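Hi everyone, thanks for making time this morning. Have the sequence and the model open while I talk, and stop me whenever a term goes past too quickly.

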Amino acid sequence: MKSTLTPTHCPYCALQCGMNLSPAREGGVEVTERTDFPVNRGALCGKGRTSAEVLRTGVRLTSPLVRRDGALVPAGWDEALDRIAGALLRTRAEHGPDAVGVFGGGGLTNEKAYSLGKFARVALGTSQIDYNGRFCMSSAAAGGTKAFGLDRGLPFPLEDIPRTGCVILVGSNLVETMPPALRYLTELKENGGTLIVVDPRRTRTAEQADLHLAPRPGTDLALALGLLHLVVAEGRTDEEYIRRRTTGWEDARSAAMAHWPEYVERITGVSVPELRETVRMFCEPEAAMVLTARGPEQQAKGTDTVSAWINLCLATGRAGKPLSGYGCLTGQGNGQGGREHGQKADQLPGYRKLDDPEARRHVAAVWGVDPDSLPGPGRSAYELLDALGTDIRSLLLMGSNPVVSAPRAAHIEERLRSLDFLAVADVVLSETAELADVVLPVTQWAEETGTTTNLEGRVLLRRRAVTPPEGVHSDLEVLHGLAARLGVEKGFPTDPEEVFEELRRASAGGPADYSGITYRRLAEENGVFWPCPGPVEPAGAVGATEAVDDGEDAVLDALPEDPAQEGPDEAVHPGTPRLFLDRFATPDGRARFVAVSHRAIAEEPDDEYPVLLTTGRVVSQYQSGAQTRRVAELNAAAPGPFVELHPRLAARLGAAEGDPVAVVSRRGRAVAPARITTSIRPDTVFMPFHWPGEGRANTLTNPALDPTSRMPEFKACAVRLEAVPPAAD
């Protein structure tokens, strides 16, 4: 009897939890646990468990929509694609190729992200492409590249976390954002390790900590520098490691020594005894880790902040050694792979730099184009969105909802409305899609095969489990159809494995080398960690999508023999679960200290705006909420926005629990019910950012950009609170 289980991975966060899919009795898809995948061992959060609800009829889009007489109405695919291609061609002819923009998403599969970057540069000839992952982990990527010569979120697998001696978790509410990962922290403590959580709020994650540090938002850089000062002052540096495996220590040391403990206490609000206890807990075990997330990274000094935490690891000999190191907890489902293969403004596949002549030659050869025809680097995400309607006149957007997720969101919504033409490809009618001239319904997750790369750098195979509704096409089919209409008949295949085979060749020899990875290996090995160099040969026809009803064994039987495994002399690279154990990815193999110093946030509180706002997520919603807000169970658990504030602040305002509170910044006003708690600092309020409309948190946030990563400062801005009079009867 044929199995009806299809092993695959969750469509949401960067854990990419394993799950099984099967046909549900009442139609649709049923999600069940999959215990063989090591990251989650069968555990799923509410979002993963209910993920199939988004695919139900009446929830997801099933027909293209075009705007007629001001309204979006159903249309056929040929009309929709013709309209898009015609608009893009007109814009290019009238204003030049850079008047056409492309905006991608960190949830796109590797195949889609790769094809989107190629489409922008080959079919459109535009430099104006970036993606929403710029808003997530770009500062960690920049800091990691500066120090190590390579950016991979975690340089070790998650399974190493419970075996280390101490973890400093900076700006991550992991218990709510990645619930199945809680077990790694629980096991860490069961094994005798300690957990230090750095967060302005006493979150559910902070409640698990042996020590919770609650710094003022935007002061993580000063905190890290103060800790390094104490490491030096207390003689806890690893001088042999510094001499043998690093460069730049003297400058970094001098910068840190200007941040003495009492000065850091005044900046951060973290007491000197807490600073000293943190240093003791971190330095006493043989192994320790620092893990950062959006808290320290989504700042206008996010790259320097990451560098400061890396410096702490390097000074204590805690990088490139077993069970030790710095890692970034990447957020979006394919946030890692999405930033590796070409949808970033300055990047080519394989994490190659767009301004590197050799990289241009290599990728151009794979694409069959002249290297000189490839445009140069373009604008970063916020800068691209800010240029809409002026320099950029038409936009193709895939898998993103900037009306809710972008900083200074009301302004970005205005820019989107000012475009000559907007086309959106998505699974649902998001707030951004509602503004479009053409909306394309595209396949999502269970309806398609493709690869993603999780936060560990583990490349994974998602398998198609169900046939998409009639009228729904894949993003690869969209790009193929548009390219043909733009006069590029070849080079945009619709088969995901064919795209992946080209991606292998394009990435070969690059920092993120996938050339030794094949679909067959991914299915057999439950994922492969990059870099994984290897021989690149055509892999033949796809089998994974043809055997979706037969379970994993049938999928493997249907796959062709893997040419990378043929022949006794062709050793197969095993992949690289742990990076930097022998050398770092710099020219001389040494890690780089980066000298950094504290500086204030871009917008400090003042008499007019005396309170700090920070933003984040809640357990039952995800990102802009475009999908999770359509799931009844999740909405029941998290029905809308709120303003979290301390009782002292609430008393000064005269607000009681549940009263509407207005939060006002220099960019706009948001209103949401008060949630009063002692778990937040008295000088700070918190809002989740999943909702549009009156409670949209990103109406308030500051688009001040990090000079290196171009990350906006989501995590700290000045606001004032206002009581909202009760509505008249």
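**A buried glutamine, and what surrounds it**

Let's start with Q16, which counts as buried because its relative accessibility is 0%; buried means under 20% relative accessible area, exposed over 50% and partly exposed in between, using a 1.4 Å probe and protein chains only. Before going on: this is a predicted model, where local features need pLDDT of at least 70, side-chain atom pairs count only at pLDDT 80 or more, and totals for chains, interfaces and linings use all residues. Residues are numbered from 1 along each chain as its sequence is written, and side-chain values use heavy atoms, with hydrogens and water left out.

Back to Q16, which has a positive phi of about 55° although it is not a glycine. Most residues other than glycine have a negative phi. Where is Q16 found? In the loop between β1 and β2. Strands here are DSSP runs of E, at least two residues, and helices are runs of H or I, at least four, numbered from the N terminus.

Those two strands, β1 and β2 (residues 18-23), pair in the antiparallel sense over four bridges; pairing takes at least two bridges found by DSSP. H9 stands opposite G18 in β2.

Now the inside. The largest nonpolar core has 80 residues, and those with the most contacts inside it are F148, I168, F282, W309 and Y326. A core like this is a set of buried Ala, Val, Leu, Ile, Met, Phe, Trp, Tyr and Cys residues joined through side-chain atoms within 4.5 Å. Helix α7 (residues 220-233) gives the largest share, nine residues. A second, separate core of 46 residues includes L21, F37, A52 and L185.

How far can we trust it? pLDDT is the predictor's confidence in each residue, from 0 to 100. The chain averages 94, and 95% of the residues score at least 70. Over residues 537-569, though, the pLDDT is below 50. Where pLDDT is low, the predicted coordinates should not be read in detail.

Conventions. Contact means heavy atoms within 4.5 Å.
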